[in-house]
Amino acid sequence: MARYYLLLGSNLGNRKQNLDNVLYKIKEKLGNILEKSSVYVTEAWGLEDQPDFLNMALIVESQKNPEQFLQITKVIEKECGRV
């Protein structure tokens, strides 16, 4: 088993629901979420004319190797509407 550290963020649409959807998909496709932080509101950085972000951090335990893990996270992002 490997441990992976992920940072999540959402600033469009229903931000809280977006994070909840991603958490569900991570559990479903990648493994067990060992720990998760509180959700924090942060200002957009770089393109500052965007809404504030909801951010959180996770520790995920998975049997996937790093390459598999990354590919699946990209699939999850796409499924959740990331452009």
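**Exercise 1. Is Glu77 buried, partly exposed or exposed, and what is the relative accessibility of Glu77?**

Before we start, a word on the model: it is predicted, so local features need pLDDT of at least 70 and side-chain atom pairs count only at pLDDT 80 or more, while totals for chains, interfaces and linings use all residues. Residues are numbered from 1 along each chain as its sequence is written, and side-chain values use heavy atoms, with hydrogens and water left out.

*Step 1.* Recall the classes: buried means under 20% relative accessible area, exposed means over 50%, and partly exposed lies in between (1.4 Å probe, protein chains only).

*Step 2.* Glu77 has 35% relative accessibility, so Glu77 counts as partly exposed.

*Step 3.* Now look at the partner: Glu77 forms a salt bridge with Arg82, with 3.1 Å between the closest N and O atoms. A salt bridge here is a side-chain nitrogen of Lys or Arg within 4 Å of a carboxyl oxygen of Asp or Glu.

*Step 4.* Arg82 has a relative accessible area of 57% and is therefore exposed.

**Exercise 2. Find the residues that are linked with Glu79 in a network of salt bridges.**

*Step 1.* The structure holds 4 salt bridges. One of them joins Lys25 and Glu79, whose closest N and O atoms are 3.2 Å apart. Lys25 sits in helix H1 (residues 15-29) and Glu79 in helix H2 (residues 66-79), so this pair, 54 residues apart, links distant parts of the chain. Helices are DSSP runs (H or I, at least four residues), numbered from the N terminus.

*Step 2.* Lys29 also meets Glu79 in a salt bridge, at 2.7 Å from N to O. Here Lys29 of H1 and Glu79 of H2 are 50 residues apart.

*Step 3.* Put together, Lys25, Lys29 and Glu79 form a network of salt bridges.

*Step 4.* Check the surface: Glu79 is partly exposed because its relative accessibility is 40%, and Lys29 is partly exposed at 28%.

**Exercise 3. Describe how H1 and H2 pack.**

*Step 1.* The angle is about 145 degrees and the axes are 10 Å apart. Axes are lines fitted to C-alpha atoms, for helices over the stretch in contact, and angles run from 0 to 180 degrees between N-to-C directions.

*Step 2.* List the contact residues (heavy atoms within 4.5 Å). H1 supplies Val22, Lys25, Ile26 and Lys29, and H2 supplies Ile72, Val75, Ile76 and Glu79.

*Step 3.* Sort them: 5 are nonpolar, none polar and 3 charged. Ala, Val, Leu, Ile, Met, Phe, Trp, Tyr, Cys and Pro count as nonpolar, Asp, Glu, Lys and Arg as charged, and the others, Gly among them, as polar.

Technical notes
Helices (H or I, at least four residues) and strands (E, at least two) are DSSP runs, numbered from the N terminus.
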